[in-house]
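User: I would like to go through this model term by term and ask what stands behind each label. Please set each value against its criterion before you conclude.

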Amino acid sequence: MADPAALPSDGLVGRAKAQDLVFAVCGVVVLLLVMSLLATLVIDLMRDGLARIDPEFLTNFPSRFPGRAGILSAWVGTTLVMLVTGVLAIPLGVGAGLYLEEYARRGVLSDIIEINVSNLAGVPSIIYGLLALGFFVYLLNMGPTILVGGMVLALLILPVVIVATREAVRSVPGSLRESAYSLGCTRWQVVWRYVLPSARPGILTGAIVGLSRAIGETAPIITIGALTFIAFLPPSPVKGDFPWLNFDWLQSPFTVMPIQMFNWISRPQAGFHENAAATGLLLLAMTLVMNGTAIFIRYRLRRSLRT
Amino acid sequence: MTPASLTPAHASPAAEVPVRAEVRDLSFWYGKFQALHGVSMPVRDRKVTAIIGPSGCGKSTLLRCFNRIHDLYPGIRYQGAVELQPEGLNLVDRSVDPILVRLMVGMVFQKPNPFPKSIYENVAAGLYVRGVKARSELDGRVEHALRQAALWDEVKDRLTKSAYELSGGQQQRLCIARALAPEPKLLLLDEPTSALDPIATAKIEDLIGGLVSDVTVLIVTHNMAQAARVSQYTAFMHLGNLVEFGDTESLFTNPTQERTRDYVTGRFG
């Protein structure tokens, strides 16, 4: 019989604390290593490119002279391609995720679909590029246009959006569903009025993570044959007369910022390397802004759900 | 199940109260597991009927048959009838749409589960579903339901505030108001106070007493004292069988079945 008044032996506490300490030190070392690598990368980009960023850099077309070259066509192209990607991937992905989670019967088929969707998220992006080249560009004869660029990137991030939607929908508590159904709601009413609003922060995060991945993708865009040098803008999406919207820009050739970077890096002159670094910084900034927006919106939505 | 236990002799004065729903030989399966075995009992009009029994006896399962909430999950099967009277509609019949059933039967769950919306929108949720749009009608029915749930005085000045600002007991009364607003034919309460403190519990028990002038109430509870306090009729269930049904007073003071006696005297459960 143990002595009821005895304290646990000192060694026990000491050993447990030592384990804690070892793990904490390891964690900090790894963290510092990763952070310093990242910081080196960003600082290097800044040293090379920060001086090049000025209003003219944003409003000039590419040029033979590094000092006069700008990224107007690249950032406009990136913006428009992202627009197409978002408009296609978000409704399709959210719809598919909602269907799989709320409507589809659980069975072998839904299991197969689930495994495949998760696997698709891991397929190398160049494979999507090849698919788009063979199917959209050659078979459907659509050409290397903004529409095709947006479509291939939408395909690329569709699994990300679907998986994020499913996870967000799954995390809506069952009690919320049961109480909505108990009021006599149809499935659509439950999904639209109660499940979707609660899942919105998670869905939004997934969508932005997907778009942030798409914005940096180069391989599939090069594969479909986007131009690397382009000195004109697509037709404006807005026009003066009815119906004021113009969709000719979808059919326009384009370039995007990663391609512009790639193009400049492969040139011998140091001036172009500075341009590439500056483009990289701007791309980084765009991604950060997108992620920041996602965090902000998620925070706002979560708060509005609680209060 | 002997027929004698369904209509105990001492329940005779209650026989005059009309029946609102009649459970007849109801069996229920979760996949291969049979959770209810040929349950038969009446639900008297505008009375509180309590269903008691030890954990896992099938009391919640029985209650959830009344609004077909089981249908949300795959692999379930009903046999027998839960017949609404005088309509003569079998609520668990396959040909009856579960949404139609749920439009007629309200339910309150164990844990308060208001929607992440305003107090007003919570109570009006069932009315929106039924196509009520006129502001004046909504206002009137929301107020009436909140009064029925004894919550009106506490929330009348902050109807647009989030339901999550309310205490647990208030949230549960809000859920009761939400279920009452569409004026259901039956109100199901599934252990409505098991997550609440004694004071909040007492408030809910008090308001249940007032509800029976308007609605027929079925309440599942694991708390025998609560069943004795709030109900006029009690059903005792054990292992998926209905052991005894009778008016509450005689069931607790003079049970006819040995298992009922053992349970109400605290010998098991």
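Predicted model: local features only at pLDDT ≥ 70, side-chain atom pairs only at ≥ 80, totals over all residues.

User: What makes H4(B) mostly covered?

Analyst: A residue is buried if 20 or more other C-beta atoms lie within 10 Å of its own, and nine of the 11 residues of H4(B) are buried, so the helix is described as mostly covered. Among the buried residues are Ile119(B), Glu121(B), Asn122(B) and Val123(B), and the list also includes Leu127(B) and Val129(B). After the helix comes Gly131(B), with a positive phi near 80°.

User: Which elements give two or more residues to the side of chain B that touches chain A?

Analyst: In the contact between the chains, 18 residues of chain B meet 17 residues of chain A. The elements of chain B that give two or more residues to this side are helix H3 (98-104) and helix H4 (119-129). By class, the residues on the side of chain B divide into 12 nonpolar, four polar and two charged.

User: Why is Leu98(A) called buried?

Analyst: The cut-off is 20 or more other C-beta atoms within 10 Å, and Leu98(A) has 22, therefore it is buried. Leu98(A) lies in helix H3 (residues 72-103) of chain A, and, leaving aside residues up to four places away in sequence, it touches Thr165(A), Val169(A) and Val191(A).

User: What makes the crossing of H3(A) and H6(A) right-handed or left-handed?

Analyst: A crossing is right-handed if the near helix is turned clockwise from the far one by less than a right angle, and the crossing of H3(A) and H6(A) is right-handed. The residues of this contact divide into 21 nonpolar, six polar and four charged. The axes of H3(A) and helix H6 (residues 146-170) of chain A come within 6 Å and cross at roughly 35°.

User: How do you know whether H1(A) lies largely in the open or is covered?

Analyst: Of the 40 residues of H1(A), the number that is buried is one, so this helix lies largely in the open. As for its span, helix H1 (residues 10-49) of chain A reaches 58 Å from its first C-alpha to its last, close to the 58 Å expected at 1.5 Å a residue.

User: Why are E6(B) and E10(B) said to stand at the edges of their sheet?

Analyst: Six strands of chain B form an open sheet with mixed pairing, in the order E6-E7-E8-E3-E9-E10. Strand E6 (105-108) and strand E10 (241-247) of chain B each have a single partner strand, so one side of each is left without a neighbour in the sheet. On average, neighbouring strands of this sheet are turned by 15° against each other, direction ignored.

User: What makes E6(B) and E7(B) a pair?

Analyst: Two strands pair if there are at least two bridges between them, and E6(B) and strand E7 (residues 186-190) of chain B have four, in the parallel sense, so they qualify. In E7(B), Leu186(B) is the bridge partner of Val105(B).

User: How many bridges join E4(B) and E5(B)?

Analyst: Strand E4 (residues 76-84) of chain B and E5(B) pair in the antiparallel sense over two bridges, and at least two are required, so they count as a pair. Leu84(B) stands opposite Leu89(B) in E5(B).

How values were computed. Residues numbered from 1 in each chain as written. Chains lettered and ligands numbered in written order. Buried ≥ 20, exposed ≤ 12 C-beta atoms within 10 Å, placed from the backbone. Contact = placed C-beta atoms within 7 Å. Axes fitted to C-alpha atoms, helices over the stretch in contact; angles between N-to-C directions. Nonpolar A, V, L, I, M, F, W, Y, C, P; charged D, E, K, R; others polar. Expected span 1.5 Å × (residues − 1).
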